[in-house]
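Subject: A structure for you to look at

Hello,

Here is the structure I promised to pass on. Please have a look at it first, and then read my notes below.

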Amino acid sequence: MNSHPLKVLILGGYGTFGGRLAQLLADESRLALIIAGRSRARAQSFCAGLPSTAAMVPAAFDRDGDVERQLRELAPDIVVDATGPFQFYGDDPYRVVRAALACGVHYLDLADGSDFVRGVSRFDAEARTRGVFVLAGVSSFPVLTAAVVRKLAEGMARVEGVVGGIAPSPYANVGMNVIRAIASYAGKPVAVISDGRQATRYALIDSMRYTIAPPGRLPLHRIRFSLVDVPDLEVLPELWPALRSTWMGAGPMPGIWHRVLNGCAWLVRLKLLPSLSFLAPLMHRAINLLSFGEHRGGMFVAAQGVGPNGEKLARSWHLLAEGNDGPLIPSMAAEAIIRNCLADRRPAPGARTAAADLELADYEPLFASKTIHTGLRQDSPVDAQAPLYKRLLGEAWNSLPQPLRAMHDLQTEFSAEGAAEVERGTSLLARLAAWVIGFPAQGRDIPLTVSFQVFDKREHWKRAFAGQAFASTQEEGTGRFERLLCERFGPCNFAMALVCEDGRMRLVLRHWTLLGIPLPLALAPRINAYESAEDGRFHFHVEIAHRLIGLIVRYRGWLVLRR
């Protein structure tokens, strides 16, 4: 590497995605970041407000003006076009690409327009001759998607289906250009592959539901995803020609906003409106003002294929981003490529989509520096035969202490014995609730026996505290309870996430029903339940209370297996 800083010009550098890219690269002293846009004053303000060890240089740049002259004046090593929306780049959408080639400057963009990304390959021969890379679509769709599919495809003889989706946090501060892009194609036809054939579906109308659940982490609630027009729908079949189905969606939150968007898309589909473009300013204001719910976002990619012996294989990759880290992910592909350039791992010359220029391993250190968690799940038919907890925990199963794994490695039946301490609530309603469910009486060092049996993938637990028994059933949730453990006590059914942290497995309530009727979490009992290992033994702690009636029951103790 040369001793002088690598100069990176970010067009739209104080905008949504450009600003996030600058934020991601600000800790790199070997970079000089040229933050450019139409307003030099806004660029100066952005640079002044971003703590940085990289050199920050504000600049005015008009991509509709003489782009080549401006590039020669700024003399960057790499130009990143983060302006957009790329669906509206006019009669000469590749003016920045042409200028970069003329100046011998490497080029990246964060384009999400399928036509724009596909068309960049026309510059491949010139880019190779000039020894520069020109990479289009350097974002989650399609770069991260393709990297994940390569990981999921390991061991598959062929990949036959890919489905994926992104669910941003409701507080993600979606940029105006993103809204303009979505509004431009909502309700319009999108080409997908279905059952091995080209098919037409309609953007923001064709929908599915999915639960993003990295193993051992608190999952997102089940989310509705709607079809979006992204480069993946064209790029993935080129990389995996055996694909028989492709689908990519977005799950904007809160759900009521998503439903309104679906309804508006139908107006276009029925030709009652030419497009939603005229509503883009209102849509932008609404989605950024009407924000409520969990400040968490996620992404998933699921792949189906065939193994070397003809067996059906299915795997999924899940990403969970907490707080403000999720909105950074679309800019991480450009960050990874720029950091690779600093490490002398520059992409090969040529003009193409960037779908094959990064692997999942390039993302992992970037995720690790944020509160971004990922994990793989095995969803093949053979994996559905695993014990209940092993199915739900996926690869997090192996992180559990051995006593916990042994206690939940239930194939048919076994029993365990130990001792417990029980504390009961004293209010009238607390005593009534405990009586209805059958919780044991209060006491210390109570002999405890638990029998476990499996019938039709449902576990039956019978707990006997000094002969006083109460029972529950546990099973894997479906539908809105997908990826959750559902435990039924009498008339109550609790859907809980299995969360592994600090050597414990916590059971976190996500939904509940009473007499089969779904009820809001605000009315639910407060449950503090976890399992751990101490002195080589299985230990448990369960506390159930309610904000109106106080403690209902608290029981804790230890168990050892009695096969």
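In these notes, helices (H or I, at least four residues) and strands (E, at least two) are DSSP runs, numbered from the N terminus. This is a predicted model, in which local features need pLDDT of at least 70, side-chain atom pairs count only at pLDDT 80 or more, and totals for chains, interfaces and linings use all residues. Residues are numbered from 1 along each chain as its sequence is written, and side-chain values use heavy atoms, with hydrogens and water left out.

Let me start with helix H7 (residues 140-152), where Ser140 has its place. Ser140 counts as buried at 3% relative accessibility; buried means under 20% relative accessible area, exposed over 50%, and partly exposed in between (1.4 Å probe, protein chains only). Not counting residues up to four places away in sequence, Ser140 touches Thr145, Ile166, Met299, Ile329 and Pro330. Contact here means heavy atoms within 4.5 Å.

Next come the helix pairs. Two packed helices are described by the angle between their axes and the distance between the axes. Axes are lines fitted to C-alpha atoms, for helices over the stretch in contact, and angles run from 0 to 180 degrees between N-to-C directions. For H7 and helix H9 (residues 232-239), the axes come within 10 Å and cross at roughly 35°. On the H7 side, Phe141, Pro142, Thr145, Ala146 and Arg150 meet Asp232, Val235, Leu236 and Leu239 of H9.

What about helix H3 (residues 67-74) and helix H4 (residues 95-103)? Their axes come within 9 Å and cross at roughly 45°. H3 and H4 are therefore oblique to each other; angles under 35 degrees count as roughly parallel, over 145 as roughly antiparallel, 65 to 115 as roughly perpendicular and the rest as oblique. Val67, Glu68, Leu71 and Arg72 of H3 make the contact with Arg95, Val96, Ala99, Ala100, Ala102 and Cys103 of H4.

Is helix H12 (residues 332-342) enclosed or open? With 10 of its 11 residues buried, H12 is largely enclosed by the rest of the structure. Among the buried ones are Met332, Glu335, Asn340 and Leu342. After H12 comes Asp344, with a positive phi near 60°.

Asn173 has a phi near 55° and sits in the loop between strand S7 (158-167) and helix H8 (176-185). Leu204, with a phi of about 65°, is in the loop between strand S9 (197-202) and strand S10 (207-210). Asn173 is partly exposed, with a relative accessible area of 49%, whereas Leu204 is buried at 2%.

There is also a cis peptide bond from Met253 to Pro254, with omega near 0°. Pro254 is in the loop between strand S12 (245-250) and helix H10 (255-269).

Last, the cysteines. A disulfide is a pair of cysteine sulfur atoms within 2.5 Å, and the count by this rule is zero. For Cys486, the closest cysteine sulfur is 13 Å away, in Cys492, too far for a bond. Cys486 counts as buried at 5% relative accessibility, and Cys492 does too, at 11%.

Enjoy exploring it!

Best wishes
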